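Please read them alongside the coordinates.

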Amino acid sequence: MNSPITQPPVHSDRDLQATFAAQRTAFAANPMPPAAQRRQWLKSLRELLLEHQQPLIEAIDRDFEGRSADETLLAELLPSVQGLRHAERHLYRWMKPSRRQVGLAFQPARAQVLYQPLGVVGVIVPWNYPLLLAIGPLTGALAAGNRVMLKLSEATPATGLLLKALLERVFPSDLVSVVLGEVEVGQAFSRLPFDHLLFTGATTVGRHVMSAAAQNLTPVTLELGGKSPAIVSGSVPLDTAAERIAFGKLVNAGQTCVAPDYVLVPRERLDAFAEAYRRAVHRLYPRIADNPDYSAIINPRQLQRLEHLLADARDKGARVLDLYPGEPRQGRRLPPHLVLEASDDMQVMQDEIFGPLLPLVPYDTLEQALAYVQQRPRPLALYYFGYDRGEQAHVLRHTHSGGVCLNDTLLHVAQDDLPFGGIGASGMGHYHGHEGFLTFSKAKAVLAKQRLNAARLIYPPYGKALQRLVFKLFIR
């Protein structure tokens, strides 16, 4: 499908307010959608994605001016469809009220937790995975019974237009609405009094989003990024570690929030790892310039930013290795680079890279490597390569991160039954699977009594013998 719209519609504050009001009215008319209705929403969304795979692949490719079709299938459509199936399969169990215990002193009574939709949920979608990072939150919000407004990135206009047209085919705008527009539209969007707001993007922008949401006391889930480390042990086979790190680093040309941002390598293995990484990269991508498997950098501004990181590192004494020296460049396909002898004053070690540049940092002991990670803002992901289970447990105990892969990269994000979310500078809150349902639900505590009320025996006036007995029995 090719949308006849060629320019994004302009959404004014009035348009946003009207859409929000319509969704709030619709929610008030149906505040607790039954499971069958929610499952139908999820099923309709899943079938929509399956029916329009090729147009979605082509739209994302246009936005990137070179996005691997297989990467879109692997990293966007596959987890989106599987996430929808998982929610459909488990929804009845998720919605079932949770029975809780009532203390002996408060009997007879029943306690339970009801999972109630929040209302109208806002989702701000980034450009790097414009389909996955729209559909993932949408899945959780619809499973929980909410109405949803999606703000698509201005950097992916073709995908935004297509997704808007497709979603309008199966959902009324008072259930799901797609908002398009430039930065000022996003700013107005974040100021709406949502019942929950989920933002995925840069940490700096996340601070502004959280500040705007705070004016309405809107709870937020922030999925940010930061510098996710990979730690290579002293004993793991280097070819194995290098190949798995190369895969995680170069999917979408490194434009992934959980891509390995730098690698901590034993000092004596540094050069050997660099060579193993070079070999692994060349096996995965025999060439770069006209390779349809290798994605382009999203736009000229991002490409210029990455080239500046390389120049800054060179100027400050780093050894920068272009892994495809002499190969002519084509479009915005930036070849992978290694950055050796990087120091903390280089921008490549300060900011999230979000591209195919990989610094290698030497260490002498595992404790030194862990201290290096601990001294920096908590990352969204951490990757440890080593088969010793004692060392694995030690790394897990002595680091904080949003998620961890042992002897792999990225793939923890694709597990439907694992939560996804950051910590500290890499975000707050989580979603995916059951945790997504819980994030977009109010866990409402309910204590129920019928005719008999034993608690009246401890009502005032105080000082009665029975009250003293209750205190003696239960305050100890």
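Q: Which helices each supply at least two residues of the lining of the second largest pocket?
A: This is a predicted model, in which local features need pLDDT of at least 70 and side-chain atom pairs count only at pLDDT 80 or more, while totals for chains, interfaces and linings use all residues. Residues are numbered from 1 along each chain as its sequence is written, and side-chain values use heavy atoms, with hydrogens and water left out. Helices (H or I, at least four residues) and strands (E, at least two) are DSSP runs, numbered from the N terminus. At least two lining residues come from each of α4 (69–95), α5 (132–143) and α14 (433–439).

Q: What is the volume of the second largest pocket?
A: On a 1 Å grid over the protein atoms alone, a pocket is an open set of points with protein on both sides within 12 Å along at least five of seven lines, a cavity is a set where a 1.4 Å probe fits but cannot get out, and lining residues have an atom within 4 Å of a point. Grid points are joined across faces, edges and corners, and a volume is the space filled by probe spheres set on the points. For the second largest pocket, this volume is about 630 Å³.

Q: Which residues lining the second largest pocket are the closest to its centre?
A: Helix α4 gives the largest share of this lining, 10 residues. By class, the lining holds 20 nonpolar, 12 polar and one charged residue; Ala, Val, Leu, Ile, Met, Phe, Trp, Tyr, Cys and Pro count as nonpolar, Asp, Glu, Lys and Arg as charged, and the others, Gly among them, as polar. Of the 33 lining residues, the closest to the centre are Ala-75, Pro-79, Leu-132, Val-413 and Ala-414.

Q: Which strands are the edges of the six-stranded sheet?
A: Two strands pair if DSSP finds at least two bridges between them. The six strands form an open, mixed sheet in the order β5-β4-β3-β6-β7-β15. Pairing on one side only marks the edge strands, β5 (176–179) and β15 (427–428).

Q: Which residue in β7 is the bridge partner of Leu-197?
A: Strands β6 (residues 196–200) and β7 (residues 220–223) run parallel and are joined by four bridges. The partner of Leu-197 in β7 is Val-220.

Q: At what angle does α5 run to β4?
A: Axes are lines fitted to C-alpha atoms, for helices over the stretch in contact (heavy atoms within 4.5 Å). Angles run from 0 to 180 degrees between N-to-C directions. Helix α5 lies across β3 (120–124), β4 (147–151), β5 and β6, and its angle to β4 is about 165 degrees.

Q: Which residue in β11 is the bridge partner of Arg-319?
A: Seven strands form another open sheet of mixed pairing, ordered β10-β11-β12-β9-β8-β13-β14. Its edge strands are β10 (319–322) and β14 (403–406). Four bridges join β10 to the antiparallel β11 (residues 337–340), and the partner of Arg-319 there is Leu-340.

Q: What is the volume of the largest cavity?
A: The whole structure holds two cavities of 30 Å³ or more. Lining the largest cavity are four nonpolar, three polar and three charged residues, among them Lys-249, Asp-261 and Glu-352. Its volume is about 40 Å³.
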